[in-house]
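Hi,

Here is the structure I promised to pass on.

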Amino acid sequence: MTTARDTGSFDYIIIGAGSAGCVLANRLTASGRHRVLLLEAGGRDNHFWIHVPLGYGKLFADAKVNWLYATEPEPDLDNRRIIQPRGKVLGGSSSINGLLYVRGQAADYDHWRQLGNTGWGFDDVLPYFRKAEDQERGADDYHGEGGPLSVSDVSEPHPLCEAFIAAAQQAGFPRNDDFNGATQEGVGYYQLTTRKGRRWSTARGYLKPALNRSNLKVVTDALATRIVFDGRRATGIEYRQGGALHRARANAEVILSGGAFNSPQLLQLSGVGPADLLRRHGIDVVADMAGVGSDLQDHYQVRMQYRCTEPITMNDVINSWRHRMGEGLRYFVSRKGLLTIGAGYAGAFLRTRPELATPDVQIHFLIFSADTAGAALHPFPGFMMSVCQLRPESRGFVHIKSADPAAAPAIQPRYLSDRFDCDTTVAGIKLLRGIMERPAIRRYIDTELVPGADCVSDADMLAYARATGTTVYHPTCTCRMGADAKAVVDTRLRVHGFEGLRVIDASIMPALVSGNTNAAAVMIGEKGADMILEDARAGTLAGAA
Ligand SMILES: Cc1cc2nc3c(=O)[nH]c(=O)nc-3n(C[C@H](O)[C@H](O)[C@H](O)COP(=O)(O)OP(=O)(O)OC[C@H]3O[C@@H](n4cnc5c(N)ncnc54)[C@H](O)[C@@H]3O)c2cc1C
C-alpha cells in the first residue's frame, strides 16, 4: 500500500473547481478567516477555444479539458451510447458549456420546496441568482447587477432567428425577451454567460479574482481518490497528482463539487453508497446509502434540420475561407458576429398542451446544420433546432465499475424509458413542425432534411427520437436533496448521517429544473457558501446541527 504525502491542513477542502466549486472557493475565502484547498482534476483554463463562445463546438471531444464520458448502451435508444462531455479544467463544465443563461421556472423551485426542501422555494433562491449576476441590461426584480457572473445579450439579431421568432408568434406563441423574468413562456433570443464577446465561466468570474488570496490554495491536475473518515466524520481527502498520492486534512469540512457524475462516484469509492455495489468492487462500506448515484435525470433533445433557401447560414460562412477570415477579423475587432454564438441563438419555452400550467418543452434554434454535435457543417445552407422535454420522468444511475478512481463510472440515464417522456417528445416534434409551416419561416425552407418527409406517424417520430436523439448535457439529481430514504443530502446540503461533509453542485437538485443547468449550479454554490459561513459563525459543523 502506498503511503500518502501529507500536504497540510485546511479549514475547508473543495473537490472540483467547476460551476459550483469556483463560487465556493471565492465566497469561503473572502473574509480571510478560513483556509481553503480547491482541488481540480483538470488543468488551467488557458485553452484558446474556451474563451471564444463558438469554441464550445471544439471542446466536445478534447481530452485536454473534458472527461469524455459516454453512457452505457441505452436500452430505449436502440442500445446507443450517448456522449457525455464534462469539463475537466478550472471552471469545470462552465468552461466548456454552451453558455446559455437559463434558470428554469419559478415552479421548479417551488416544487423543490413542496418536496420538503424548506428554504429552496423560488422566493428563497431568487436572491442568490441576483447576487451572482452581472446583468448587462441592469438590475430589476429578477436580475442583479455587479455580481461575478456576467450575463449578456446576443451580439446581434439574425434574419433566420427573426423568422423563427415571427413564425412561432404566427403559431400563437408569445414573444419573450427575458426567459429569466416574470415568465419563462414564449419565444425570443437567449442570453449568454459572456462579457464583451468572451466566455464568462465561474473560473473567470469567481476564481480569478480570488487567486491572489493567501488563504486559498488551488491544486490542479489532482484527482481526489478518497474521502478520509474518522467514524462518520470526514477529516480529509486523498488525491493523486503527478504519480504521487497526497493527503490533506480538513479541520471543518470536506465539500464535494465534482458534478453529477463524479460526486456520487467519489462517495462510492469512499465507501458511501449502495452496499452491494461497493462490496462487489471490494470497497469497505462506511454507510449503506442506496440513493448515492441513483435518480440520475438528464434532458434529452431531438434535432430537426432544414436545408435553407438562402446562403445566409453559418454553413455558408464556415465553408468559405474568405467569409471565415472575415468573421474572425470582425470578432477580434468588434467582438461581434458568429464567433459569439452559444448553443442556442434564438429559443423558446412552450406548452405542448394548452391545459398545462407552464412550458414543458424547450427549443434551441441554431443557424447552422451538421450531422452531430461538433461535426463538420453541411456543405449547403442549413439550419436546425432541437426540442427537449423539460421535466423528464425517466430515471437512471451512476455506478462505479471499478475501485480504480481513474476509471469512468457506468452512466445510464435511461432516456425515454418512461412513456410520458416519449409522448411529450413526440408532441414537441409536432409542435415544431407546426411552427415551420408558418409563412415567416416557410420561405427559408427548401426541405426538411431530418426527420424528413417519411416521418409521418407518432410511431415514426418516436422511432426517430430513439434513433437519433442526444443529451442536452444536464445530468443532475444523483446526490439528491431531501428527507426520504434515498435522499443523500439535507436542506443544508450535509450528507445524511455524516459530519463535516457536504455535496454542493448540480447533483443535489431534488428534480431537474426546466432549462439549462449552469445558472442553477451557480445558485447552489452561492446558497451553499452562505450556509457554510452561517454554520461557521454559529460554531456548528456540517451534520452536527
Ligand atoms: C457540453 C456542455 C454544454 C452545456 N451547455 C449548457 C448551457 O448552454 N447552459 C447551461 O446553463 N448549462 C449548460 N451545460 C450544463 C452546465 O454547464 C452544468 O450543469 C454545470 O456546469 C454543472 O456544474 P457542477 O458544479 O455541478 O459541475 P462541473 O461544472 O462539471 O464541475 C465539476 C468539477 O469537478 C472536477 N472533478 C470531478 N471529479 C474530481 C475529482 N475526483 N478530483 C478533482 N476534481 C474533480 C471536474 O474536473 C470539474 O471541474 C452544459 C454542459 C456541457 C458539458
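A quick definition before the findings: I call something a cavity when it is a set of grid points where a 1.4 Å probe fits but cannot get out. Also keep in mind that this is a predicted model.

With that in place, how many cavities of 30 Å³ or more does a search of the whole structure find? The answer is two.

The largest cavity holds about 110 Å³ of space. Its lining is made up of 13 residues, and those nearest the centre are Asp298, Tyr300, Pro392, Tyr415 and Asp421. Sorted by class, the lining of this largest cavity comes out as six nonpolar, five polar and two charged residues.

The second largest cavity has about 40 Å³ of space. Around it you'll find Tyr101 and Val102, then Asp177, Asp178, Phe179 and Asn180, and finally Tyr189, Tyr190 and Gln191. Here the lining splits into five nonpolar, two polar and two charged residues.

Next, a sheet to look at. It is open and has three strands, in the order β17-β22-β23, and the pairing is antiparallel. The edges are β17 (294–296) and β23 (410–412), each of which pairs on one side only. On average, neighbouring strands in this sheet are turned by 35 degrees against each other, ignoring direction. Strand β22 (residues 396–399) is joined to β23 by three bridges, with the two running antiparallel. If you want a pair to click on, Val398 has Ile411 of β23 as its bridge partner. There is also a helix on this sheet: α8 (residues 259–269) packs there and touches β17, β22 and β23. The direction of α8 makes about 50 degrees with that of β22.

Last, a helix pair. Helix α1 (residues 19–29) and helix α15 (residues 518–538) have axes that come within 8 Å and cross at roughly 35 degrees. Is that crossing left-handed or right-handed? For α1 and α15 it is right-handed. On the α1 side, the contact is made by Ser19, Ala20, Val23, Leu24, Arg27 and Leu28. From α15 come Asn518, Ala521, Val522, Gly525, Glu526, Gly528, Ala529, Ile532 and Leu533. By class, the residues of this contact between α1 and α15 are nine nonpolar, four polar and two charged.

Over to you!

Note on methods. Residues numbered from 1 in each chain as written. Predicted model: local features only at pLDDT ≥ 70, side-chain atom pairs only at ≥ 80, totals over all residues. Heavy atoms only, no water. Axes fitted to C-alpha atoms, helices over the stretch in contact; angles between N-to-C directions. Helix = DSSP H or I, 4+ residues; strand = E, 2+ residues; numbered from the N terminus. Left-handed = near helix turned anticlockwise from the far one by under 90°. Contact = heavy atoms within 4.5 Å. Nonpolar A, V, L, I, M, F, W, Y, C, P; charged D, E, K, R; others polar. 1 Å grid on protein atoms, 1.4 Å probe; cavity = no way out; pocket = protein on both sides within 12 Å on 5 of 7 lines; lining within 4 Å. Points joined across faces, edges and corners; volume = space filled by probe spheres on them. Pairing = 2+ DSSP bridges.
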